[in-house]
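Here is a short briefing to read alongside the sequence and the model. Have the 3D view open and follow the points one by one.

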Amino acid sequence: MGNRIAIIGAGAVGGYAGAHMAQAGEDVTFVDMWPENVEAMRSKGLRISHIKDVPEFTVPVRAIHLTELQHVSKEKPFDIAFVCVKSYDTAWATLMVKQYLSPGGFVVSLQNCMNEETVAGIVGWGRTLGAIASSITVDLCEPGHVRRASGKGGAAHTVFRVGEVHGRITDRAKEVTRLVAYSDSALTTPNLWGERWSKLVTNGMANGLSACTGLVSKEILLDDTLRAFTARLGSEAIRVGQALGYTLEEIHHIDPEVIARAGEGDLAARHEYDEHRLAEARKPGGGAHRPSMGQDMVKGRRTEIEFINGYIVDKAQSIGLATPANAALTDIVKRVERGELQPDPKHIKELRLN
């Protein structure tokens with residue numbers, strides 16, 4: 001206790017993690033850009049529900065609109081700022097909160113993608129930490145209400161991984177781990193970059209496909225052609241991460257080398273991959289969640305495709321690797337986003353990739 005905490009972006013992940021912190025008695029201020037969300041939190045509190053196993057709760061919170069953040073200049077500054085906005089909003093959100101940080105205050109990127117470099121470019125590497133929310137399956141289903149399409153990960157799956165950019169285990173990284181652990185299982189990692197790239201691969205295998213097909217995860221995995229394409233996407237991304245020197249963690253609870261070989265046509269690896277993903281899809285309620293980029297497309301919001309699959313393509317080009325599946329998916333999602341195409345599985349099924 002004692003740190004003053006800001007949640008910049010009270011959407012699905014920020015709302016979920018922050019609500020648990022507030023429920024535990026931490027000093028949390030939510031800063032959001034959606035007026036209806038702010039007003040709902042102010043008047044009704046922040047509601048958290050799960051599809052199974054976990055009782056619903058609503059917690060009173062302090063929520064302010066981003067235009068009201070200036071009032072913090074009259075208050076005690078923030079010690080920890082969790083940036084939980086979309087990747088394309090990282091720079092301005094970090095710059096906005098920077099002037100309201102205490103002298104020892106720092107920023108935690110609790111986002112998809114690889115945003116630590118953007119954050120560090122504004123507040124400095126010494127004030128930058130990363131936190132990954134792995135397979136958390138949350139969405140902001142209505143103003144002031146975050147719903148999780150599962151129960152808790154607990155011992156079966158560690159949801160939060162917190163790390164310093166230099167890899168050392170520090171007291172402040174442990175403190176951030178303590179805070180996110182109110183929500184679900186968490187660990188402090190010496191392998192932030194490997195964790196980050198592994199999560200990027202996970203997102204790259206699912207998010208864009210949901211966005212351009214209109215399907216939820218289960219529907220994608222039960223389709224042989226689409227499931228094969230997920231392996232191809234993952235394989236390319238894994239090979240890029242390995243070439244960049246990252247030590248990758250499990251992806252979908254599968255050894256990344258198995259996914260890489262499955263996407264490259266190894267029959268034994270493909271069988272192992274298929275068995276694992278089909279079992280996941282056939283679990284009760286398994287895979288019924290719409291990935292965040294699919295949610296964005298349904299809501300008419302800008303997607304993060306350039307920061308996920310597009311980022312993989314850019315990094316691959318810089319080291320001379322080809323990533324045709326990720327490049328094709330990036331292009332298709334952009335066209336759907338612009339309204340040139342309607343979401344449809346045929347966009348992927350009709351691809352001809354060698």
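In this predicted model, helix α6 passes helix α11 in a right-handed crossing. The two axes come within 6 Å and cross at roughly 25°. Angles under 35 degrees count as roughly parallel, so α6 is roughly parallel to α11.

**The contact of α6 with α11**

- To find the two helices, look at residues 192-213 for α6 and residues 292-299 for α11.
- On the α6 side, the contact is made by Asn207, Gly208, Ser210 and Ala211.
- These meet Ser292, Met293, Gly294 and Met297 of α11.
- Sorted by type, the residues of this contact of α6 with α11 are three nonpolar, five polar and no charged.

**A four-stranded sheet**

- Four strands form an open sheet in the order β4-β3-β10-β9, and their pairing is mixed.
- At the edges sit β4 (57-59) and β9 (138-142), each of which pairs on one side only.
- On average, and with direction ignored, neighbouring strands of this sheet are turned by 25° against each other.

**Inside the sheet: β3 and β10**

- Strand β3 (residues 46-50) and strand β10 (residues 145-148) run parallel and are joined by four bridges.

- Helix α1, residues 12-23, lies across β3, β4, β9 and β10.
- The direction of α1 is at about 105° to β3.

Methods: Residues are numbered from 1 along each chain as its sequence is written. This is a predicted model: local features need pLDDT of at least 70, side-chain atom pairs count only at pLDDT 80 or more; totals for chains, interfaces and linings use all residues. Side-chain values use heavy atoms; hydrogens and water are left out. Axes are lines fitted to C-alpha atoms, for helices over the stretch in contact, and angles run from 0 to 180 degrees between N-to-C directions. Angles under 35 degrees count as roughly parallel, over 145 as roughly antiparallel, 65 to 115 as roughly perpendicular and the rest as oblique. A crossing is left-handed if the near helix is turned anticlockwise from the far one by less than a right angle, and right-handed if clockwise. Contact means heavy atoms within 4.5 Å. Ala, Val, Leu, Ile, Met, Phe, Trp, Tyr, Cys and Pro count as nonpolar, Asp, Glu, Lys and Arg as charged, and the others, Gly among them, as polar. Two strands pair if DSSP finds at least two bridges between them.
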